[in-house]
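Try each task before you read its solution.

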Amino acid sequence: MLKARVFKSAKRDFECKVDGSDEMIVATALGNLLKGDENSIVVGDYVMIDNHVIVEVLPRNNEIYRLIIREQKKKVTASNCDLLVIVSSVSRPEYKRGIVDRFLVRAHQWGIRPLMVFNKMDEYDSSLLDIEFEFDRMNQLGIECFEVSAENPDYFPKYLALGLAELRDRLLNKTSIFLGQSGVGKSRLISQVSNGKISLLSNDVGKVGKGKHTTTWSEIVDCETMSLIDSPGIRSFGVEDLLEEELITYFPDLEAGAVQCKFSNCSHSEESKGCFFRTKLESNSRTTQLILSRLESFCRMKEEISSTPSYLKK
Ligand SMILES: Nc1nc2c(ncn2[C@@H]2O[C@H](COP(=O)(O)OP(=O)(O)OP(=O)(O)O)[C@@H](O)[C@H]2O)c(=O)[nH]1
Ligand SMILES: [Mg+2]
Ligand SMILES: [Zn+2]
C-alpha cells in the first residue's frame, strides 16, 4: 500500500505522485470511489494506492468547490491547497475590482489564504488604473500584493508592491492554486514562477479547440520546491449559491460597521436612509473610499443572492 497525491486526473486514470519520492504512477480507482458524482477524487487529494488502484481518499483539509444549487450538488475541483493566488491583469482583460472581491469571498468560504497578483505590469497605464488604491484596498484586508510581468520578468517595478522573486519565496513548499479570469496570464505566470521549467502555454495542457492558449482542466504542476495548480479561466463569478445571512461574514472589514448600523435588516445600499455607512463615515477620506468600494461589491452580491429564489437553496 502506498500513500500518494493526485496530480492529474483524466476520466478514470489518475497520475499520482508517491509520498516522499519523485515517482509518478498512474492508477485507476475502485468503482465505489467514483460512483455517483465526479468529485470523489480530485487533483490535490491524498490517496492510498494498492497495486495501481486507488482504494481510499484521505480526508481533505479544504476543497475548492461550488454549490450547483439547481442540482443540489457540490462540485469540487481541487483539494488541500495552502494558498489561493488571485491573478488579475492591469491591462487586458481590464482589472475588475468586483471580480477580485468575489474571489476573496470564495477564499473565505473555502478557508484558503489569498494572495493578490497584479500581472501585465509591463502594460500598466496609470491613467487607466489607480493601482495604489487597489494595493491599499488589499493591504487593509491583510492581503499581500505582488506586481509582476509574466511576459517580461525583468521588467523593473516602479510601484509599491512585491515582485516575482518575493512571490516565488511565498510559494515555497506550498500548494498554491491560481485563479483568475481567462487571459490574465495564470499559465504564463506559472511557467515564470517555475523558472521556465514548465511551459503551460504549450498545447500539452488539455484544450479542446478553444482560444489558443486556454487551459481547460486543473492539474498540479510539480517543481520540486512547490506545487502549483493552474486552473481554467473562470467564466462565471456568480455568488447565488451563498446564503444572504452569511455574506457579511465574508467581509470582515465591513462587519463592525454593519453591527453599528441601527437598522437590523438594512441593505446598506446608497438608498438606505440613515444607514451607518452612508451617514457616519468621514466623507472623502481615503479610508472611507476604501470601505465604500468594498461595500459596493457587498451590495451587488447581496442583491444577486436575494434575487435568487430561496426554494432553489432548500
Ligand atoms: N503584456 C503581457 N502579456 C502577458 C503577460 N502575461 C501573460 N500575457 C499574455 O496574455 C495571454 C494570456 O496568458 P495565459 O497565461 O494563457 O492566460 P491564462 O490566465 O492562463 O488564460 P486561461 O487559460 O484562458 O484562463 C498570453 O498571450 C500571454 O502571452 C504579461 O505580464 N504581460
Ligand atoms: Mg491558462
Ligand atoms: Zn446600513
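## Exercise 1: the core

The largest nonpolar core counts 35 residues, and Ile-64, Leu-84, Met-116, Phe-118 and Ile-177 have the most contacts inside it. A nonpolar core here is a set of buried Ala, Val, Leu, Ile, Met, Phe, Trp, Tyr and Cys residues joined through side-chain atoms within 4.5 Å. Buried means under 20% relative accessible area, exposed over 50%, and partly exposed in between (1.4 Å probe, protein chains only).

Before going on: this is a predicted model, where local features need pLDDT of at least 70 and side-chain atom pairs count only at pLDDT 80 or more, while totals for chains, interfaces and linings use all residues. Residues are numbered from 1 along each chain as its sequence is written, chains are lettered from A and ligands numbered from 1 in the order in which they are written, and side-chain values use heavy atoms, with hydrogens and water left out.

**Task.** Find which element gives the most to this core.

**Solution.** 
1. List the elements that each supply at least two residues of this core: strands S6 (63–68), S7 (73–79), S8 (83–89), S9 (113–119) and S11 (175–179), plus H2 and helix H3 (131–139). Helices (H or I, at least four residues) and strands (E, at least two) are DSSP runs, numbered from the N terminus.
2. Pick the top contributor: H2, with 6 residues.

## Exercise 2: the zinc site

**Task.** Name the protein donors of the zinc ion (ligand 3) and work out the geometry of its site.

**Solution.** 
1. Look for donors, meaning N, O and S atoms within 2.8 Å of the metal (3.2 Å for Na, K and Ca); water is not among the atoms, so sites may look incomplete.
2. You get Cys-261 (SG), Cys-266 (SG), His-268 (ND1) and Cys-275 (SG), at 2.1 to 2.4 Å from the zinc ion.
3. Read off the sequence spacing of these donor residues: C-x4-C-x1-H-x6-C.
4. Check the angles among the 4 donor atoms: they run from 105 to 116°, and the site is tetrahedral. Four donors get that label if all angles lie between 85 and 135 degrees.
5. Check burial too: Cys-266 and Cys-275 are both buried.

## Exercise 3: charges over rings

**Task.** Which rings do Lys-3 and Lys-74 sit over?

**Solution.** 
1. Apply the test: NZ of Lys or CZ of Arg within 6 Å of the ring centre and within 35 degrees of the ring normal.
2. Lys-3 has its charged end over the ring of Tyr-46, 5.1 Å from the centre.
3. Lys-74 lies over the face of Tyr-65, with 4.6 Å to the ring centre.

Definitions and conventions
Tetrahedral: all angles 85-135°; square planar, octahedral: opposite > 155°, others 65-115°.
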